[in-house]
Amino acid sequence: MSSSRLPWSKRSLTAQAMGHVDPITKAVVPPIHVATTYIRDEDNAYSSGYVYGRPDNATIREAEGVLAMLEEAEAGALLFSSGMAAATAVFQALNPGDHIVASKVMYWALRNWLMTEAVRWGLAVDFVETDDLDAVAKAVVPGRTKLVWVETPSNPLWTITDIAAVAEIAHAAGARLAVDSTTASPVHTRPLNLGADIVMHAATKVLNGHSDVVAGALAGATADEFWARIASIRKMQGAILGPFEAYLLMRGMRTLHVRTAAQAKSALDLAQRLSAHSKVARVLYPGLPQHPGHDIAARQMEGGFGYMLSIQVTGGEAAAISTAAKVRLWKRATSLGGVESLVEHRASIEGPGTPCPPDLLRLSTGIEDVEDLYRDLDEALRAS
Ligand code: PLP
């Protein structure tokens, strides 16, 4: 649904989970629907629209409604049991022999899956720097390329891809464009409005925001045959999110706008201050004017540049690992998007073949006092 057709702002609708009031109790918080099966009508139909717990569930639909509204997704949204389950469902909806062009810098586990499992399924994958439009245009094969997969800002270098320009290239070749918008969030970027066909979120991250749910989501521009195949894959493979997790995700999303605004503000502040730090060789953050993708980010991101940044430490890999070991307030852990700030040495996680430099620390900015966050990092950097 386009934002001009909404009765209230997205922020208001999200805070109230679309204003849902339980029709029986008048509760302002919807109940969690746990039933796995539903009564048939006397004429054998299912007039409620619910049949069985694997394909669908009312708690899931409520959270999907909020996400579809946020992404302005005409086809609606689908929740999955993880970000990986959501992403892989898109690739599994392709046919053997189909060609995919994907961002070289992307979430490492998905890159690994594409290089191993997807290839075993008969898909051909080419990885390119999707911030280089000529490289994308060269890689796309008209008639053969069926999907362009872009992550922006991309993990962990925060490369920015021009979604509208890549959508044009993909569509001209007869391919769809899917965007992993996990680190942008629907608050900062709406890929479907920029021409993408599908947007994906690891809802485990900032959508939920509290590091207590593993979840994934897709939102679609058009309810076409490809979108129906993705929904069928979720149903057949049992990849739907559980109702308790959907409830927690819904609760997390109610504060999405407040959290993302605070996180993006702190991330920019940290990026600016760390750029002048004697122990930091480079800061990677699209909000900085010196970032190569800054101009595109300023055009396609609204209300901030997100909560993720990376720093390259002057002393190299050993100093980076030592800095991560010395922080006290930042938590040394994987993942991102939660209210608590996390630091991680990515190269040691991603292993051989990673485009991530060894001196890089990935920072996920939470909602703590930014003065505390800076002081903790400053002390750890100086002591390393
Ligand atoms: N996409 C991005 C950008 C991610 O950061 C992650 C996880 O870190 C995923 C996808 C996968 O999500 P999940 O861990 O929920 O499967």
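Which side chain meets that of Glu64 in a salt bridge? The close-up views below, taken from a predicted model, take up this pair and then others.

**View 1. Glu64 and Arg234 joined by a salt bridge.** The side chain of Glu64 meets that of Arg234, with an N to O distance of 2.9 Å. The two partners come from distant parts of the chain, Glu64 belonging to helix H2 and Arg234 to helix H8 (residues 225–237), and they stand 170 residues apart. Glu64 has a relative accessible area of 8%, which is under 20%, and therefore counts as buried; Arg234, at 4%, is likewise buried.

**View 2. Glu72 and Lys10 joined by a salt bridge.** Here the side chains meet at 2.6 Å, N to O. Glu72 sits in the loop between helix H2 (58–71) and strand E1 (76–80), whereas Lys10 lies in helix H1 (residues 10–15), so that distant parts of the chain, 62 residues apart, are linked by the pair. Both Glu72 and Lys10 are buried.

**View 3. Asp224 and Arg176 joined by a salt bridge.** The N to O distance between these side chains is 3.2 Å. Because Asp224 is in the loop between strand E7 (216–220) and H8, while Arg176 is in strand E5 (residues 176–180), the pair ties together parts that are 48 residues apart in sequence. Asp224 is partly exposed, with a relative accessible area of 27%, and Arg176 is also partly exposed, at 26%.

**View 4. A network of salt bridges.** Arg111, Glu344, Arg346, Glu350 and Arg362 are linked with one another in this network. For the model as a whole, the count comes to 20 salt bridges.

Definitions and conventions: Residues are numbered from 1 along each chain as its sequence is written. This is a predicted model: local features need pLDDT of at least 70, side-chain atom pairs count only at pLDDT 80 or more; totals for chains, interfaces and linings use all residues. Side-chain values use heavy atoms; hydrogens and water are left out. A salt bridge is a side-chain nitrogen of Lys or Arg within 4 Å of a carboxyl oxygen of Asp or Glu. Helices (H or I, at least four residues) and strands (E, at least two) are DSSP runs, numbered from the N terminus. Buried means under 20% relative accessible area, exposed over 50%, partly exposed in between (1.4 Å probe, protein chains only).
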